[in-house]
Amino acid sequence: MGQRIHFVIDPQGWCCMGLIIFVWLYNTIFIPKVILFPHYEEGNISVVAVLCYYFCSLFCIASLFRASVADPGKLPENPKIPIAEREHWELCNKCNMMRPKRSHHCSRCGHCVRRMDHHCPWINNCVGEDNHWLFLQLCFYTQILSSYTLILDFCHYYYFLPLKKENWDVFVFRHELALLRISAFMGLIILGGISRLFYTQLMGIFTDTTSIEKMSSCCEDISRPRKPWQQTFSEVFGTHWKILWFIPFRQRQPLRVPYHFANHV
């Protein structure tokens with residue numbers, strides 16, 4: 001089953017996502033140009049370091065684009081309700097449509113989303129049942145790429161051997177200090193923000209609760225895990241194979257779980 005494409009018309013979301021893409025492009029272009037390639041040519045680092053940086057960059061941008069255009073779990077206009085689960089569906093008071101009890105209506109997107117966690121302007125999309133795994137991958141690889149960039153910025157000045165400066169007349173080398181300071185500043189900001197978000201997301205999966213459920217006054221005792229963590233993670237990623245949790249280039253097959261085993265909102 002292929003994943004449906006989902007676009008959200010939101011100028012604010014486009015601006016936020018454009019900012020993320022700019023930071024990614026900045027580091028993907030200037031870090032190899034200023035640090036990786038020159039030090040590799042002079043024998044200070046191996047080709048593995050260069051390939052690892054590009055792999056991290058590729059996985060980061062792939063998870064970003066897939067999370068932003070993936071259908072988060074939008075409910076159809078006339079959903080087919082299984083007879084055995086009818087009592088676990090409810091009527092949305094905003095769009096007057098039937099929905100599973102762990103669904104939520106997104107006012108920005110204008111429709112209900114299954115097991116909606118939140119609407120994220122940085123991917124210009126809701127984070128729901130069908131793209132939550134991609135959002136987690138985005139947070140994970142963004143942390144790795146930001147940390148890797150900061151390590152390279154530090155090592156360039158305090159650990160690697162000085163470059164011979166044969167290309168000192170090139171723009172990027174004449175403005176090397178300014179470019180790397182900007183890179184380090186952006187890396188620190190993104191790493192700090194995304195680490196806190198990633199921790200919140202992990203705690204939500206461990207306790208089998210969404211961000212909306214945590215903020216809801218009708219959800220009690222949400223800190224107690226309802227299921228083993230392996231099961232909750234497998235439900236989010238759509239597979240029990242843990243190695244596949246880290247690969248964004250695949251199709252998610254949902255693990256169907258009866259709604260009465262889950263928290264209700």
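This is a predicted model: local features need pLDDT of at least 70, side-chain atom pairs count only at pLDDT 80 or more; totals for chains, interfaces and linings use all residues.
## Helix α5

Helix α5 runs over residues 176–206 and holds 31 residues. Its first and last C-alpha atoms are 43 Å apart, close to the 45 Å expected at 1.5 Å a residue. Just after α5, D208 has a positive phi of about 55 degrees.

The buried residues of α5 are E176, L179, L180, S183, M186, G187, I194, F198, Q201, G204 and I205. An α-helix has 3.6 residues a turn, so residues three or four places apart point the same way. Among the buried positions of α5 are L179, S183 and M186, as well as I194, F198 and Q201.

## Transmembrane annotation

The unreviewed UniProt entry lists residues 12–31, 43–65, 138–159 and 179–199 under "transmembrane region". These assignments come from that record, and such annotations may be inferred rather than shown by experiment.

Two of the listed spans can be set against the model. Residues 43–65 are 83% helix and 0% strand, and the C-alpha atoms at the ends of this span lie 35 Å apart. Residues 138–159 are 95% helix and 0% strand, with end C-alpha atoms 30 Å apart.

D71 sits in the loop between α2 (47–69) and β1 (89–91). D71 counts as buried because its relative accessibility is 6%, and the cut-off for buried is under 20%.

Two backbone nitrogens face the side chain of D71: that of G73 lies 2.9 Å from one of its polar atoms, and that of K74 also lies 2.9 Å from a polar atom of the D71 side chain. Leaving aside neighbours within four places in sequence, D71 is in contact with R4, H6, D130 and N131. The C-alpha atoms of D71 and V127 are 9.1 Å apart, although 56 residues separate the two in sequence.

Where in the chain is P248 placed? P248 belongs to the segment that follows α7 (229–237). Its relative accessibility is 0%, so P248 counts as buried.

Apart from neighbours within four places in sequence, P248 is in contact with F59, A62, S63, R66, W133, L134 and Q137.

Note on methods
Residues are numbered from 1 along each chain as its sequence is written. Side-chain values use heavy atoms; hydrogens and water are left out. Helices (H or I, at least four residues) and strands (E, at least two) are DSSP runs, numbered from the N terminus. The expected span of a helix is 1.5 Å times one less than its number of residues. Buried means under 20% relative accessible area, exposed over 50%, partly exposed in between (1.4 Å probe, protein chains only). Contact means heavy atoms within 4.5 Å. A polar contact is a pair of N or O atoms within 3.5 Å; within protein, one must be able to donate a hydrogen and the other to accept it, and residues adjacent in sequence count only if both atoms are side-chain atoms.
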